[in-house]
Amino acid sequence: MDNNPATGNPELPYDLGEVDHDDAEEVREQTVGIRASLSAVFSWGNYRAYLATAWVFNAFAYLSTFLNLYLWYIIPSFIVIGAIGTVTSLIAAISRFFGGYVGDTVNRKTLAVVSMFLMAIYHLMIGVFVDPIFIFIALVIISSMEITKGGSTAYIMDNIPREHSGLALSLFTAGRVLSIITLVIFAFLYPFIQFEAYRLIHLVGGACLFVSTLARAIYLEGSPQKQRGAGTKLWRTFIEDNTRAFRVLLTIIPGMMVVCILDAISDSFFKLGALIYMNDVLQIDVQSIAIMMIVTLVIQVPLLLKVGRLSDRKGVKSTALMVYAVMPISATFLILAYWFPDWAPIAFSESANLIIPGLGVVFKTSFLAVVLKYVNDTLWYTVMLVLIRKRLPSQDTSKILSMFWFVIFLASSIGPLIGGLISETTNILYLFVGVLVLNVLILGSIARYDLTSQARQIQDETTLM
């Protein structure tokens, strides 16, 4: 019997050739849709310049995941590392609080340039100094950058099309794929010079970020903001504006605020101790952890673009529920890794290590936990940004964003110190039990409650005049 679909065999219940044609047509329509979205997003010259410089930063961004492990080698104390995390988070929260007003009154191009400059200083200091005091100063500098970051972020968010905001914002985070290069270099150098490799890459990063600072200063267009009315007092304007911004948040995204606060505490617990736990307790070497992060990035980037488009087409709540459902699984794997370190026979790990040193880590239970966590963290961050972009009014964006992050940073600042006390005085496993409990509460909240208010956006933004 002739089963060739091209003949249109009448014995077949349908014409397979026609189905193939329809599928091809659907693919063509999707391709055209993506091209149209990209064309709309890249039509603004500032977006291209901002995206390019942001990708330079993203090339070194994933090194920050090793910060607590680096500090552990210098100061092996959970309480001290936790205290450093709490202090720097508080500084970041206070900076964000004042940064909202700065971002809506100062030229946002200037803020975008200063933000990149402070990043460059931070990377250079981490690369040059090993003294804990200077490292702490570097962390204070990068935390203080939050005073300019709100306006810098608002600079780009105010100028991307709302209907393509998911794709546009996911492109920024997708730039983290460039971190694969720095992580590969780190994994290669670590067996020879240990954490000197970490410092060396930060030095290179600092130099590249200085170049990006100059590029922003030259190529970005100015974005002057409205000034205070004549005769008004600065302190009164500041209080009134931030009060309105906080009221907008509570009115438009009340559910999202609660979820993000709980997630910030959970996240601070996980990031405080996860890599230290794997290295110190589970005896996974730093080179293997670097390979773990490389795999995470490889998985992350295509998912980021998918999530950005999905949130534009399917809605934020369903996307958020789908993304966050993985978080409790991640915490469970990390706990189980204490008793079941491998999810496959040990021979698999040994064979993989013969191919590429450290590759055997993919057969560790903790590998599943960390990859799920870090992939979904980035996806979750994208979902949050998309929700904010779609729901918040276009005026006073920086103040509203800064108030949002002020609340989140304030909540997360309690996490590192509490987590350090838990890890130091009991067993580090209790830290991850806390993560699991918080993740389950968050997932239940997303499923049961609306993330945003059904009310109109504060009378279509008129109250923010």
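**The aromatic rings**

Guide: One aromatic cluster is formed by F66, Y70, Y73, F186, Y190, F195 and Y198. Rings of Phe, Tyr and Trp (its six-membered ring) pair if their centres lie within 6.5 Å; planes under 30 degrees apart count as stacked, over 60 as edge-to-face and the rest as tilted.

A word on the source. This is a predicted model: local features need pLDDT of at least 70, side-chain atom pairs count only at pLDDT 80 or more, and totals for chains, interfaces and linings use all residues. Residues are numbered from 1 along each chain as its sequence is written, and side-chain values use heavy atoms, with hydrogens and water left out.

Now the pairs. By the ring rule, the count comes to 23 aromatic pairs. Take F117 and F210. Their rings are edge-to-face, 5.6 Å centre to centre, with 65° between the planes. This pair links distant parts of the chain: F117 is in helix 5 (residues 108-128), F210 is in helix 10 (residues 196-219), and they are 93 residues apart. Helices here (H or I, at least four residues) and strands (E, at least two) are DSSP runs, numbered from the N terminus.

A second pair is F129 with F134. These rings are stacked, 4.4 Å centre to centre, with 15° between the planes. F129 is partly exposed at 29%. F134 is partly exposed at 36%.

Rings also meet charges. R216 lies over the face of Y50, 4.2 Å from the ring centre. K373 lies over the face of F270, at 5.2 Å from the ring centre. A charge sits over a ring if NZ of Lys or CZ of Arg is within 6 Å of the ring centre and within 35 degrees of the ring normal.

Next, the surface. V128, F188, F192, I193, L200, L203 and V204 make a nonpolar surface patch of about 640 Å². Helix 9 (179-193) and helix 10 are the elements that give two or more residues to this patch. Patches are made of residues with over 30% relative accessible area and no salt bridge; like charges are joined within 9 Å, nonpolar side chains (Val, Leu, Ile, Met, Phe, Trp, Tyr) within 5 Å. A salt bridge is a side-chain nitrogen of Lys or Arg within 4 Å of a carboxyl oxygen of Asp or Glu. Accessible areas come from the Shrake-Rupley method with a 1.4 Å probe; for residues, only the protein chains shown count as cover. L200, one of the patch residues, lies in helix 10. L200 is partly exposed, at 41%.

Now look inside. T296 sits in helix 13 (residues 286-314). T296 counts as buried because its relative accessible area is 0%. Leaving aside neighbours within four places in sequence, T296 is in contact (heavy atoms within 4.5 Å) with Y62, V371, Y374 and V375.

Last, the setting. The protein chain has 19 helices and zero strands. Of its 465 residues, 52% count as buried. The chain exposes about 20,400 Å², and carbon and sulfur atoms supply 68% of that area.

Notes. Buried means under 20% relative accessible area, exposed over 50%, partly exposed in between (1.4 Å probe, protein chains only).
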